[in-house]
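This briefing is intended for a reader who has the model open alongside the text. Please consult the sequence and the structure below before reading on.

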Amino acid sequence: MKLKILAKSSSNPEFPYDVIFRKKNGEITISCSCPAGSLGWLCKHKLELIQCNQRMLHNPNDKKSLDAISELLEGSAVLSIVNEYCQKVKDIEKRQNDLKEELKALKHQLARKMNQGINLL
C-alpha cells in the first residue's frame, strides 16, 4: 500500500512537498521530498502527518488519505514510539538550551573577571 499526501511548505506555499507512506511486510515507511526528508532526516512534514495533523495538509482533499493513515496506525505501536522519541527530543533540547544559558553566563563571568582584573598571586 502506498499513500501520497501533499504537505505545506513554510518556505514556498506554492510548492508543497510529497510525503509518501508505504506499508510493506507489516512495516510502515515515510519519506518526504523536502530538503531534510530527501536526505533521510526527520522533518516536520513526516512528523506532523504521522500524528495526523491536518494543518500540514496542502490540499484539503488529502484528508481522506490522512484518515486512511490514521486507520492504518490505529492499534499499532507506531504513535507511542513516535511520541516517546518526540518526548526524548524535547527533553534533550531543553537540556541543550539550559547548557547554552549556563555557558553564556560562564563566559560572561570570565569576561567580567578579565575586564576587572585577575589577581596574579
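The points that follow concern a helix, a strand pair, the cysteines and a pocket.

The model is predicted: local features need pLDDT of at least 70 and side-chain atom pairs pLDDT 80 or more, while totals for chains, interfaces and linings use all residues. Residues are numbered from 1 along each chain as its sequence is written, and side-chain values use heavy atoms, with hydrogens and water left out.

**Helix α3**

- Helix α3 spans residues 63–73, and its buried residues are S65, L66, I69 and L73; buried means under 20% relative accessible area, exposed over 50% and partly exposed in between (1.4 Å probe, protein chains only).
- These residues lie on the same side of α3, because they cover an arc of only 100 degrees around the axis, taken from the directions from the helix axis to the C-beta atoms.
- K64 and E71 are exposed on the other side of α3.
- Helices (H or I, at least four residues) and strands (E, at least two) are DSSP runs, numbered from the N terminus.
- The buried residues of α3 pack against β1 (2–7), β2 (17–24), β3 (27–32), α2 (44–50) and α4 (78–116).
- S65 has a relative accessible area of 16% and, leaving aside neighbours within four places in sequence, is in contact with L3, K4 and I5; contact means heavy atoms within 4.5 Å.
- Just after α3, G75 takes a positive phi of about 80 degrees.

- The covered face of β1 consists of L3, I5 and A7, whereas K2, K4 and L6 form the uncovered one.
- In a regular strand the side chains alternate between the two faces of the sheet.
- β1 and β2 run antiparallel and are joined by six bridges; strands pair if DSSP finds at least two bridges between them.
- L3 has F21 in β2 as its bridge partner.

**Cysteines**

- The whole structure contains zero disulfides, a disulfide being a pair of cysteine sulfur atoms within 2.5 Å.
- The sulfur of C32 has its closest cysteine sulfur in C34, at 3.7 Å, which is too far for a bond.
- For C86, also in no disulfide, the nearest cysteine sulfur is that of C43, 12 Å away.
- C32 is buried, with a relative accessible area of 5%.

**Largest pocket**

- The largest pocket holds about 270 Å³ of space.
- Among its 13 lining residues, L42, L47, V82, Y85 and C86 are the closest to its centre.
- α4 contributes the largest share of the lining, ten residues.
- On a 1 Å grid over the protein atoms alone, a pocket is an open set of points where a 1.4 Å probe fits, with protein on both sides within 12 Å along at least five of seven lines, and lining residues have an atom within 4 Å of a point.
- Grid points are joined across faces, edges and corners, and a volume is the space filled by probe spheres set on the points.
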